[in-house]
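Work through the exercises below with the sequence and the 3D structure open. Try each task before reading its solution.

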Amino acid sequence: MTDGPFNTPILGGKIQAEKFDNHISRALSSMKGQYHDQHAYDAMLAKADTLLYEVYEVCRPEKEGELMSGISIVHPGKVGNEYFMTKGHFHEVLDTAEIYMCLSGKGVMVMETPEGEWSVKDLTPGVSLYVPPRWAHRSVNTGDGEDLVTYFIYPANAGHDYGTIETQGFRKLVVDRGNGTEIIDNPKWVQV
Ligand code: S6P
Ligand code: ZN
């Protein structure tokens, strides 16, 4: 990690992994209980622990004033009728925001607050998304056979609360039941 200014190539072909500090890969086995069709999940996992998404991070000290950034790549596919998606999280420091910029592919960001508000916004190339403080967020690849690639920036001291979502899920799911992308209520959602 350098003290001074630095560049990170983001656009223009293949990700240069060596320019990032961290590469996270999340496979199906890390999403236990998150997909609503448990039968489809189990059947898929029995065949292979499919790679769902990857994150390349530019890490900074986790203190106020610093910014974390990086690239998130959600691969295309579905578990049952539900699209591949990230785990999703609240920031541990709830009052911290995040900006996402869609670089390629097609998807949506599913968001909600502890107070029960929810929102689903498109992620399309060239469009930036502002996730305000207090909003949990999960990116979902609704594209047809193409990666959803986003660039994100958030305060380095934000931290991640994955536990709340792991326990209660998001209020809304993004599915394709044969008529294109639909946002439906999560039948398994429970208030913690
Ligand atoms: C971090 C930021 C992204 C996500 C990434 C993967 O605050 O929102 O870097 O970490 O999109 O999602 P998740 O939910 O597995 O961290
Ligand atoms: Zn975040």
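Predicted model: local features only at pLDDT ≥ 70, side-chain atom pairs only at ≥ 80, totals over all residues.

Residues are numbered from 1 along each chain as its sequence is written, chains are lettered from A and ligands numbered from 1 in the order in which they are written, and side-chain values use heavy atoms, with hydrogens and water left out.

**Exercise 1.** Find which residues line the largest cavity, and sort them by class.

*Solution.* 
- The space in the largest cavity is about 30 Å³.
- Its lining consists of Glu-82, Met-85, Val-110, Arg-138, Val-140, Lys-172, Leu-173 and Val-174 (lining residues have an atom within 4 Å of a point).
- Strand 11 (136-141) and strand 14 (172-176) each give two or more residues (strands are DSSP runs of E, at least two residues).
- Strand 14 gives the most, with three residues.
- By class, five are nonpolar, none polar and three charged.

**Exercise 2.** Describe the largest pocket and the residues closest to its centre.

*Solution.* 
- The largest pocket holds about 300 Å³ of space (a pocket is an open set with protein on both sides within 12 Å along at least five of seven lines).
- It is lined by 21 residues, and the closest to its centre are Arg-26, Val-55, His-89, His-160 and Tyr-162.
- Among the elements that give two or more residues are strand 7 (98-104) and strand 12 (148-155).
- The lining divides into eight nonpolar, eight polar and five charged residues.

**Exercise 3.** Classify the pair of Phe-20 and Tyr-56.

*Solution.* 
- There are three aromatic pairs (ring centres within 6.5 Å; planes under 30 degrees apart are stacked, over 60 edge-to-face, the rest tilted).
- Phe-20 and Tyr-56 are 5.6 Å apart centre to centre, with 55° between the planes, and the pair is tilted.
- Phe-20 lies in the segment before strand 1 (22-27) and Tyr-56 in strand 2 (residues 51-58), so the pair ties together parts 36 residues apart in sequence.

Methods. 1 Å grid on protein atoms, 1.4 Å probe; cavity = no way out; pocket = protein on both sides within 12 Å on 5 of 7 lines; lining within 4 Å. Points joined across faces, edges and corners; volume = space filled by probe spheres on them. Helix = DSSP H or I, 4+ residues; strand = E, 2+ residues; numbered from the N terminus. Nonpolar A, V, L, I, M, F, W, Y, C, P; charged D, E, K, R; others polar. Phe/Tyr/Trp six-rings, centres within 6.5 Å; stacked < 30°, edge-to-face > 60°.
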